[in-house]
Amino acid sequence: MIKGRLSLSPSTQYKLKYSSFDILIIFIFIQVISVAFGLIFPEKFPFTSNINISTALEALPLIGIVALGVGILMISGEFDLSVGANFVFSSMTMAVLYSNGWPLWTSILAALISGLILGSLNGIATLWLRIPSFIATLGTTGIYFAGTLFFYGAAAEPFEPIGNYSFVITGSFGVFSVEFFWMLILFLLGWVMLQHRPLGGKFMAVGGNLQSSISIGINVRKTKMIAFVMCGLLASISGILAAARVNNVSPGGASDLALQAIAACVIGGISLFGGRGSILGIFIGASLLYWIQDVLLLLGAPGFYLSAFIGVMIISAAYFYRFTRERKIK
Amino acid sequence: MNNQDFKKLLTVNDIGKKFNGISVLESINFTINEGEIVGILGDNGAGKSTLIKVLCGVIEPDSGFLEWQGAKVVFQSKNDSTRLGIETIFQDNALVDSMSVARNIFLNREITTRYGFLSHKKMVESSAEVLSKMTGIKGIESTEKLVGELSGGQKQAVAIARALYFKNKIILLDEPTSALSVRATDALFENLKDLRNKNFSSVIVTHDIYNAFNVCDRFIVLSKGRIVLMKQRNLVTLEELIKHVSRA
């Protein structure tokens, strides 16, 4: 007999099996160990200190929000390597306009529109010119970085928002920075969209089986275009929050942001081939990526260890998912 | 409209199609009636798959036209044929392996609440109900199981369940048995017979003449884009069918 929700056990089992439950357990385990060491050796490993926690809650959203956009796009079967360039161009647009006397809100709006346009251009290059997104966005990365230098010059631009409403991008509640709350809101919206709206199913379908999506009448171009636009928009949001946090935008920054975001997604279980992944996975992937940076910094490890550890994590994650997926199929 | 017309679902009128100047379909005329199973047979390159694609709107014909229940229709996309009640099951079953059975059945036609949120509970229950009515389907303990974990026969059942749920009048199947075991093939044909008893129609494009002979009510044999034989089941022998297909 075929059972639906009326029989809870098989459906609950399948839900758990396909969720990011396994990576969540690993994440919680690592955090518990880190907290325990932090409490036992607070001098040598100040993991639980207020300053370390508040720094983590400020830094995590910057990679997390970008990874959210990149992850949704990867689920749709496409890549965006230009998120770093978009992040810089959009935040630079905001900073320059604000310095020129534009109100804060219109400067932010201009940055969001800029992110949206850059994301759309990636979509047009991929979906209308039919260039693979990996190549198309590799090309637009160079164009967007060059555009930043062409329009705004090579000098860093200060950005120190003041006024009643600047709190929404610079404020904090105790150790919780406002960007952490923005990240939670955006991840919640992403989860609702992916799991509880028809559009989420379309993202998974166009990424999971393009031919089937066409056969059942999904508008593939429109669906992927939405994913590109969302990715661009989220990169610009991250750029806005980063600029507000450090009070500065550097035209040469964020060059490795795209690879970090893709790494976070891979660690979080997003398939490089599209069609698979969860919002929780992206969140955990970004958190684990930040966690390794944090731990190495606290231990005073030389900088080159960081890239080596990230590399090990990516390969381990890829192997872990291959192993668990094969087990699930059996 | 008289009673005889009412039984006609899809009429193919003088359909022709060329690719790069080469004719792949020429002067194709037939009708699919309510509650019958039509087998379209022919060798490779006979035009069977092109014909199916014309019937479901994936390919527009160069000449001729289609009629739906006596009225002329033009299919500009597959969505147009689906809206009228024609479900097409391609060789890959048009399923997404990384999604659950329930999400696949309702993909692009999801059950939503008044605020546009997915009604997961209704989709899981409805898909379980429609699958449980089908013959010979085992191993789908829950419709939350991923399609990627199903066998070829189970996937086919999910694709047919989708057609059943949306109460499509005609199901077009392109080489449905090519990836199926003997047992799954038997189950598929049993399901098509059940559908016929409920007045659904099926059109099967297949190489599998032996199985088709046991289940189809009518046969259309294509050769080089033309119909070379069209006969009712009771007016043709298996030998005659084999002769026409192999000669084609």
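A salt bridge here is a side-chain nitrogen of Lys or Arg within 4 Å of a carboxyl oxygen of Asp or Glu. This is a predicted model: local features need pLDDT of at least 70, side-chain atom pairs count only at pLDDT 80 or more, and totals for chains, interfaces and linings use all residues. Residues are numbered from 1 along each chain as its sequence is written, chains are lettered from A and ligands numbered from 1 in the order written, and side-chain values use heavy atoms, without hydrogens and water.

**Salt bridges**
- Over all chains, the structure holds 14 salt bridges.
- A:Glu58 and A:Arg245 meet in one, at 3.5 Å, N to O.
- A:Glu58, A:Glu179 and A:Arg245 are joined into one network by salt bridges that share partners.
- B:Arg196 pairs with B:Asp217 in a salt bridge, with the closest N and O atoms 2.7 Å apart.

- B:Asp174 is buried yet has no salt bridge.
- The nearest side chain of opposite charge, B:Lys53, is 6.0 Å away; Lys and Arg count as positive, Asp and Glu as negative, and His and the chain ends are not counted.
- Contact means heavy atoms within 4.5 Å; not counting residues up to four places away in sequence, B:Asp174 touches residues including B:Ser49 and B:Val205.

Terms used: Buried < 20%, exposed > 50% of the residue type's maximum accessible area, 1.4 Å probe, protein only.
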